[in-house]
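Here is a short briefing to read alongside the sequence and the 3D view. Please take a moment to look over both before you start.

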Amino acid sequence: MSTPAPTPTLQDEHADPRAWFDLGRFGLFIHFGLYAIPARHEWVMSREQRTPEDYERYAELFDPDRFDARTIARAARAAGMRYAVLTTKHHEGFCLWDSALTDYTSVAACGRDLVAEFVAALREEGLKVGFYHSLIDWHHEDFTIDRVHPLREHPDRAALDAGRDMARYREYLHGQVRELLTGYGTVDYLFFDFTYPGEDGKGPEDWDSERLLALVRELQPGIIVNDRLGLSGDLVTPEQYQPVAPMVGPDGQEVRWESCQTTNGSWGYDRDNHDFKSADLLLRMLVDSVGKNGSMLLNVGPDGRGGLRREDLALLAEIGDWMDLHGDAVHGAGPARGIEAPQGTILTRRGDRLYVHLTAWPMQSLHLTGLPGGVRAARLLHDGSEVAFRVTAQPEHSVHDNMAIDGLAPGTVTFTLPIR
Ligand code: FHN
């Protein structure tokens with residue numbers, strides 16, 4: 001597990017090919033595939049135990065006329081995101097690129113290489129390129145039947161499984177990864193998904209993960225690879241939860257991490273799920289990640305025509321409005337080590353600037369204690385207006401209408417307000 005360097009300064013981006021990730025802090029995850037047509041879960045093939053023959057009919061219906069990678073890339077950029085990750089293939093086995101190893105692809109279905117469109121759009125917007133790639137493939141005839149496979153309860157499971165050959169599947173898996181890492185220029189991030197060892201599961205040996213990871217490093221030396229090959233990767237990927245503190249590896253050293261989160265609890269398009277988080281909550285999750293030396297990958301699931309949901313577009317726009325004014329508190333920022341966060345605040349720090357993210361405003365008072373350095377100013381980040389403060393030997397019990405700043409701050413203390 002590599003231990004990330006401390007939050008790099010902006011010029012480090014050229015020194016370390018992975019510094020962009022620690023600086024960027026915020027990316028867009030896009031789950032798109034045939035599952036957007038049944039529109040109830042990206043695991044629908046497994047959950048409803050659909051045979052490949054039955055499920056393939058969605059490929060005949062696949063016509064993502066509203067999938068516009070430029071719209072996606074612009075929405076991500078405007079939201080303050082610095083990278084985006086597209087499902088090149090999810091567990092259903094349907095490929096969104098022009099694979100020579102199968103005709104179960106978007107090119108065969110509708111003549112479009114959506115991965116190529118995605119990469120071109122990201123580059124146009126100056127975003128880093130991420131590929132999600134499923135290790136699991138429920139469509140492939142050599143992928144052996146296991147505890148999550150759609151045919152797991154088939155009465156002829158043993159007979160169906162007898163002819164399957166995981167060695168052949170591994171060559172297919174490695175071959176497709178080679179296609180993705182040689183066919184689209186520089187790929188900055190590879191999100192493998194996922195390994196499930198144990199009873200009737202699949203472990204790193206099933207993927208030949210060591211050999212696969214070596215291939216990835218050989219083909220894309222500067223790439224960031226996640227931790228789901230069943231091996232240590234370049235980062236840890238907590239899913240749908242925020243760690244309580246900076247994440248550490250077995251050696252007790254902090255590690256790079258990225259929480260992958262959804263706007264509504266679903267990864268793929270889920271038509272009847274309208275349980276969207278607020279922009280304020282998502283921003284607090286983002287700032288929470290940065291304050292714990294992590295990043296956040298926020299997911300959207302385009303619908304059966306490939307269009308982004310109105311709710312997702314509205315959330316990304318509202319997040320972008322806040323990021324327009326407060327991006328400095330996220331990009332290139334990190335934890336405010338050694339400074340205690342008063343109740344109702346989240347702290348991030350970048351260089352000599354301390355960012356105090358308030359969850360309520362106005363406040364009666366706020367005491368920041370144990371600050372090193374000298375306070376030059378205290379201001380609201382969104383409009384630059386000053387905030388009255390006093391440097392006090394010790395906080396008084398009730399300080400009204402201003403911010404008592406105990407001790408000395410690292411320079412400028414800047415307060416960010418929640419979305420109003
Ligand atoms: O099974 C997948 C799931 O569908 C989704 O893609 C998430 C996203 O990180 N990963 C797996 C569950 O951990």
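Which residue of β9 stands opposite T345? The answer is L358. This is a predicted model, in which local features need pLDDT of at least 70 and side-chain atom pairs count only at pLDDT 80 or more, while totals for chains, interfaces and linings use all residues. Residues are numbered from 1 along each chain as its sequence is written, and side-chain values use heavy atoms, with hydrogens and water left out.

**The whole chain**

- The secondary structure comes to 13 helices and 14 strands; helices (H or I, at least four residues) and strands (E, at least two) are DSSP runs, numbered from the N terminus.
- The chain has 420 residues, and 58% of them are buried. Buried means under 20% relative accessible area, exposed over 50%, and partly exposed in between (1.4 Å probe, protein chains only).
- Accessible areas come from the Shrake-Rupley method with a 1.4 Å probe; for residues, only the protein chains shown count as cover.
- Take the contacts between residues at least 6 apart in sequence: 69% of them join residues at least 24 apart. Contact means heavy atoms within 4.5 Å.

- Strands β8 (residues 345-350) and β9 run antiparallel and are joined by six bridges. Two strands pair if DSSP finds at least two bridges between them.
- T348 has Y355 in β9 as its bridge partner.
- Two residues lie between the strands of this hairpin, where G351 takes a positive phi near 60°.
- Strand β9 (residues 353-358) is mostly covered, as five of its six residues are buried.

**The open sheet**

- Seven strands form an open sheet with parallel pairing, in the order β5-β4-β3-β2-β1-β7-β6. At its edges are β5 (224-225) and β6 (257-262), each of which pairs on one side only.
- Strands of a sheet pair through backbone hydrogen bonds, either parallel or antiparallel.
- Strand β3 (residues 128-134) runs parallel to strand β4 (residues 189-193), and five bridges join them.
- Facing H133 across this pair is F192 in β4.
- S259 belongs to strand β6 and is buried because its relative accessible area is 0%.
- Apart from neighbours within four places in sequence, S259 is in contact with P238, Y241, Q242, S289, S295, M296 and L297.

**The ligand and its surroundings**

- There are 14 residues around the ligand, and the closest are H31, E42, W43, H91 and D193.
- A nitrogen atom of the ligand lies 2.6 Å from a side-chain N or O atom of D193.
- An oxygen atom of the ligand is 2.8 Å from a polar side-chain atom of H91.
- E239 also has a side-chain N or O atom 2.8 Å from an oxygen atom of the ligand. Taken alone the ligand exposes 330 Å², and the protein buries 89% of that.

- Why does Y172 count as buried? Its relative accessibility is 9%.
- Y172 sits in helix α9 (residues 166-182), and, not counting residues up to four places away in sequence, Y172 touches K89, C95, L101, T102, D137 and H140.
- Y172 and P221 are 49 residues apart along the chain, and their C-alpha atoms are separated by 22 Å.
- G268 is in the loop between β6 and α12 (279-291) and is buried because its relative accessible area is 4%.
- Setting aside neighbours within four places in sequence, G268 is in contact with H31, Y35, E42 and G301.
- Between the C-alpha atoms of G268 and Y184 there are 24 Å, with 84 residues separating the two along the chain.

Note on methods
Near = heavy atom within 4 Å. Polar contact = N/O pair within 3.5 Å; in protein donor to acceptor, adjacent residues only side chain to side chain.
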